[in-house]
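The sequence and the model are shown first.

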Amino acid sequence: MLGGADSAATIPVKDLEQAKKFYGETLGLKAEKETPNGIVFASGNTKVFVYKTELAGTNKATTAGWITDEVESIASDLKSKGVTLEHYDLPGVSLDGDIHKMGDLKAIWFKDPDGNILSVSTSMG
């Protein structure tokens, strides 16, 4: 039914201007459309929609993730922009500096200004 359809991340935020700066300037996504209640960003061939709600940051799991082979350089770039990388103690996962390693998979996690958990990894698992 949906196997051939594109998917988009939908991320709740409290402050659209703060989100625009973080997702646009810090993460380098391009704002494609803005409304009073949300912003659509381009991310590769997908979209990231941030929308205003008081429920922002209440999810305690990963909200959105990006897949790339450049995990290490992205981790370094995020840190240089003041983003704190999260460290998690997970079964079967080792931590090498800020990079979580699970066999060949490498991943980092960080939070946006509202506390939404975001990830960058070499694959989905």
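This is a predicted model: local features need pLDDT of at least 70, side-chain atom pairs count only at pLDDT 80 or more; totals for chains, interfaces and linings use all residues.

**Nonpolar core**

The largest nonpolar core holds 24 residues, and those that touch the most other members are Ile-11, Tyr-23, Val-48, Val-50, Ile-108, Phe-110 and Leu-118. At least two residues of this core come from each of β1 (8–13), α1, β3 (38–43), β4, β5, α2, β9 and β10. The largest contribution is that of α1, with four residues.

Val-48 illustrates the contacts made in this core. With neighbours within four places in sequence set aside, Val-48 is in contact with Ala-9, Ile-11, Leu-29, Ile-39, Val-40, Phe-41, Ser-43 and Trp-66.

**Helix α2**

Three residues of α2 are buried: Val-71, Ala-75 and Leu-78. These residues lie on the same side of α2, because they cover an arc of only 65° around the axis. An α-helix has 3.6 residues a turn, so residues three or four places apart point the same way. The packing partners of the buried residues of α2 are α1, β6, β8, β9 and β10 (117–121). Gly-82 follows α2 and has a positive phi, near 90°.

**Aromatic pairs**

Four aromatic pairs are found in a search of the whole structure. In one of them, Phe-22 and Tyr-23, the ring centres are 5.2 Å apart and the planes stand at 85°, so the pair is edge-to-face. Phe-22 and Tyr-23 are both buried. Together with Phe-41, Phe-22 and Tyr-23 form one aromatic cluster. Tyr-23 also belongs to the core residues that touch the most other members, and Phe-41 is among the contacts of Val-48.

Another edge-to-face pair is that of Tyr-88 and Trp-109, with 5.6 Å centre to centre and 85° between the planes. Tyr-88 lies in the loop between β6 (85–86) and β7, whereas Trp-109 lies in strand β9 (residues 105–111), so the pair ties together parts that are 21 residues apart in sequence. Tyr-88 is partly exposed, at 28% relative accessibility. Trp-109 is buried, since its relative accessible area is 13%.

β7 and β8 run antiparallel and are joined by three bridges. In this pairing, Leu-95 stands opposite His-100 in β8. The two strands form a hairpin with two residues between them, and in the turn Gly-97 has a positive phi of about 70°.

β8 also runs antiparallel to β9, again with three bridges. Here His-100 stands opposite Ala-107 in β9. The hairpin of β8 and β9 has two residues between the strands, and Gly-103 takes a positive phi near 65°.

**Salt bridges**

Side chains of opposite charge can pair when their charged atoms come close. Six salt bridges are found in the whole structure. The table gives three of them.

| Salt bridge | N to O distance |
|---|---|
| Glu-34 and Lys-20 | 2.9 Å |
| Asp-77 and Lys-81 | 3.7 Å |
| Lys-79 and Asp-98 | 2.7 Å |

The side chains of Glu-34 and Lys-20 meet in a salt bridge. Glu-34 belongs to strand β2 (residues 30–35) and Lys-20 to helix α1 (residues 16–26), so the pair ties together parts that are 14 residues apart in sequence. Glu-34 is partly exposed at 43% relative accessibility, and Lys-20 is partly exposed with a relative accessible area of 30%.

The side chains of Lys-79 and Asp-98 also meet in a salt bridge. This pair links distant parts of the chain, 19 residues apart: Lys-79 is in helix α2 (residues 71–80), and Asp-98 is in the loop between β7 (94–96) and β8 (99–102). Lys-79 is partly exposed, with a relative accessible area of 47%. Asp-98 is buried, with a relative accessible area of 15%.

**Loop between β4 and β5**

Lys-60 lies in the loop between β4 (46–52) and β5 (62–67). Lys-60 is exposed, with a relative accessible area of 70%. Lys-60 and Asn-116 are 7.7 Å apart in space, C-alpha to C-alpha, and 56 residues apart in sequence.

Methods:
Residues are numbered from 1 along each chain as its sequence is written. Side-chain values use heavy atoms; hydrogens and water are left out. A salt bridge is a side-chain nitrogen of Lys or Arg within 4 Å of a carboxyl oxygen of Asp or Glu. Buried means under 20% relative accessible area, exposed over 50%, partly exposed in between (1.4 Å probe, protein chains only). Rings of Phe, Tyr and Trp (its six-membered ring) pair if their centres lie within 6.5 Å; planes under 30 degrees apart count as stacked, over 60 as edge-to-face and the rest as tilted. The arc is that of the directions from the helix axis to the C-beta atoms. Contact means heavy atoms within 4.5 Å. A nonpolar core is a set of buried Ala, Val, Leu, Ile, Met, Phe, Trp, Tyr and Cys residues joined through side-chain atoms within 4.5 Å. Two strands pair if DSSP finds at least two bridges between them.
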